[in-house]
Amino acid sequence: MTPSKLIDRYRCAVLSVVKHDYVARGVASHPRFELSVVADDPDQPDWVHERNQKFAVEFKIPYVRNVEQALADYGARVAVVSPEAERHCGLSVRAANAGLHVVQDKPMSNRLAECDRLVEAIARNRVRFLMWNRNFLPAVVHAKETIDSGAIGEPYAIHVDFYFSKDAGPPKGSRRPGDPPLDWLAHQIAAHVDGSDGGVGHEPMGELKIEGIYPLAYIRMLTGAEVTRAFARTACHFHQVNADNGVEDLATVSLEMDRNIVGTLCIGRIGAASHPDIGEIKLRVLGTKASLVVSEARPEVAVYYRGQPAHEFRHRRLAIDNDYLLMENFVRAIETDGETIVDARAGRAICATVEAALESARTGQPVEVGALLAH
Amino acid sequence: MVRLALIGALDAAAKYQRIVPRLVGARITAVVESDLEAARRLAKSVDAPAWSTGLDDLLLHHAGVFDALIVHDAVGAIEDECRRAVDMGKHLLVSAPQLDSPGLLEIGNAAEQAKLRFMWGPPVRHLPAVKIMKESLASGKMGELGLVRMHHWEPSAVRCLLPAIDLVCSLFNQAPSVVYATCGKPATPTLAMSDYVQLHLGFPGCGMAVLDSARTGPHSDGYFSLSLIGSTGAAYADDHHDMQLLYNEGHPAALKTDQGDRPLLTQLQEFVAAIVDARAPQPGAVEARRAFEVAQAAEKSLATRRAIQLAAKSQ
């Protein structure tokens with residue numbers, strides 16, 4: 001596809017919007033993009049159709065139970081893909097094959113082979129791809145600018161703490177004898193009400209798969225290096241649904257990267273009681289000339305008042321233009337034939353790092369990411 | 001009253017002056033500094049009747065005036081003298097990071113065999129934040145400890161990895177069962193050569209720890225951060241939170257709020273109490289051995305690029 005410089009507004013097809021719908025809303029926040037249709041496959045279960053329909057009604061656009069027909073009939077140039085994790089790559093590949101640029105929710109996939117299929121489809125169809133990410137949060141942008149200015153010299157180590165202080169159903173150890181284990185998909189569907197259904201899908205996923213894209217995208221952007229080796233420990237430490245389904249809610253990863261850069265990632269869904277706000281999210285970058293300690297939550301404002309609900313964050317983030325800046329990055333990539341901030345290859349590399357970490361946690365030894373990259 | 005000999009504390013003279021009157025059950029009775037006049041001045045400031053220019057000289061001429069040695073900072077290579085002090089029945093607190101070596105372990109073992117009190121390490125364990133975090137953990141409020149995350153960046157070429165390892169082990173109250181180590185650029189095969197190292201520890205059960213130690217970096221005040229993630233709560237101590245801003249030309253500077261005398265005072269009081277109560281201080285020889293074992297495993301991990309299994313044993 002050639003650069004599309006003459007298009008004022010890109011019509012977007014929302015291909016399934018069953019998870020929290022922040023991706024589609026983020027796309028719609030940019031004036032160069034307009035949502036024109038919601039579409040999904042007809043054989044999807046009722047709960048999927050209900051969510052798609054609800055979103056379509058809110059945005060006053062049609063819901064079409066036929067993806068290919070919607071792509072053909074509504075003149076969409078961009079697909080916004082946010083179904084269950086297993087269907088991410090499948091829908092994105094179909095959109096790419098139809099000549100659409102793609103914005104996709106995380107994770108890229110829970111199968112590396114699916115990532116490969118998507119990388120190939122994006123390249124073959126010469127369309128742009130954006131994995132949704134948080135790289136344009138103000139503190140992350142500031143960290144990037146500081147590093148790019150040369151203020152810390154050459155980064156040689158990077159550490160990210162990424163703790164989400166959210167609950168995920170009943171705490172670990174709460175299941176009574178004789179009770180059945182919690183069903184993953186049923187739990188995720190129910191969790192939609194409070195937006196904690198990031199792992200929606202049939203196959204259970206731990207925090208590394210669900211949220212790992214964010215910190216690993218930070219590391220990738222701030223170092224410009226590929227992860228070559230990972231060593232990890234994982235645990236089901238907090239939530240019954242994770243314990244019942246054998247997927248981690250806490251993980252630590254040691255990373256070895258190009259140019260002898262090393263790093264670590266600590267990630268977990270650590271429970272709502274463990275932090276007064278969304279969670280402790282920090283970046284630390286050591287360089288040859290100086291080091292950076294960055295709170296991802298800054299800037300923020302504190303608001304307290306009598307009768308404040310327990311679950312209302314006391315500290316609220318400010319100046320967040322992440323959605324707009326992601327889409328600005330995306331439109332620029334489309335119109336200059338450039339790359340997005342997290343393109344398909346980057347998304348695939350991040351998935352490979354997660355796979356290596358999980359394999360390491362299983363085997364107890366470091367795993368070469370390169371072996372997975374070569375697949 | 002426990003009589004203490006203080007070695008190499010000139011740089012911290014003012015701090016000791018403030019602390020000595022607050023010490024319960026102990027007083028400083030001897031001082032060692034390489035410069036005689038400095039030794040005399042320091043002795044006077046802490047009201048110590050004896051002073052000397054070397055530990056060897058102190059042991060030779062003033063052995064009768066003190067019961068225990070506090071090596072605040074090493075005056076030259078004094079491992080042999082520390083060993084001799086133990087042989088002469090002196091309790092020993094080595095907070096000098098220069099003694100962060102296998103020699104320290106031997107001295108600790110000798111002290112333990114002689115039923116003397118041996119304590120080591122800079123007072124990381126005794127930081128006020130660490131004390132509060134440990135109390136919260138011990139109270140059960142935070143549930144089962146799942147993760148310890150620690151950053152320890154030193155302001156000088158001194159390596160303080162062992163105290164960091166000790167602190168992590170003390171939080172889990174056991175040694176790790178798995179050790180994986182990596183080091184930064186330039187990649188070097190040994191801990192001694194590495195200016196930067198990160199350790200990844202796995203503990204029996206599902207506990208894990210990640211810590212990194214940097215030296216020779218431009219961290220003029222050092223940087224310390226410790227997070228404990230428990231099953232029902234978490235605790236965060238971070239120098240980042242304790243910074244004040246100095247506005248001047250250009251960007252403002254971040255100035256770390258000093259934690260005062262409390263860490264050193266708590267460490268000294270623990271040492272004195274262990275002597276009085278005839279119990280092992282924390283951290284003592286057992287903890288030194290544990291930290292060394294982990295450091296040795298880290299060394300092996302660096303050399304082999306593999307995770308090293310350690311036999312689990314409760315402490």
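Rings of Phe, Tyr and Trp (its six-membered ring) form an aromatic pair if their centres lie within 6.5 Å, with planes under 30 degrees apart counted as stacked, over 60 as edge-to-face and the rest as tilted. By this rule, A:Phe162, A:Phe164, A:Tyr214 and A:Tyr218 make up one aromatic cluster. This is a predicted model, in which local features need pLDDT of at least 70, side-chain atom pairs count only at pLDDT 80 or more, and totals for chains, interfaces and linings use all residues. Residues are numbered from 1 along each chain as its sequence is written, chains are lettered from A in the order in which they are written, and side-chain values use heavy atoms, with hydrogens and water left out.

**Aromatic pairs**

- Over all chains, the count is ten aromatic pairs.
- One of them, A:Phe162 with A:Tyr214, is tilted, at 6.0 Å centre to centre and 40° between the planes.
- Both A:Phe162 and A:Tyr214 are buried (under 20% relative accessible area, 1.4 Å probe, protein chains only).

**Interface of chains A and B**

- Chain A gives 46 residues to the contact and chain B gives 43, where contact means heavy atoms within 4.5 Å.
- About 3600 Å² is buried between chain B and chain A, 59% of it from carbon and sulfur atoms; buried area is the accessible area (1.4 Å probe) that two parts lose on being put together, summed over both.

**Salt bridges**

- Four salt bridges are counted between chain B and chain A, each a side-chain nitrogen of Lys or Arg within 4 Å of a carboxyl oxygen of Asp or Glu.
- A:Asp161 forms a salt bridge with B:Arg149, with the closest N and O atoms 2.6 Å apart.

Conventions: Buried means under 20% relative accessible area, exposed over 50%, partly exposed in between (1.4 Å probe, protein chains only).
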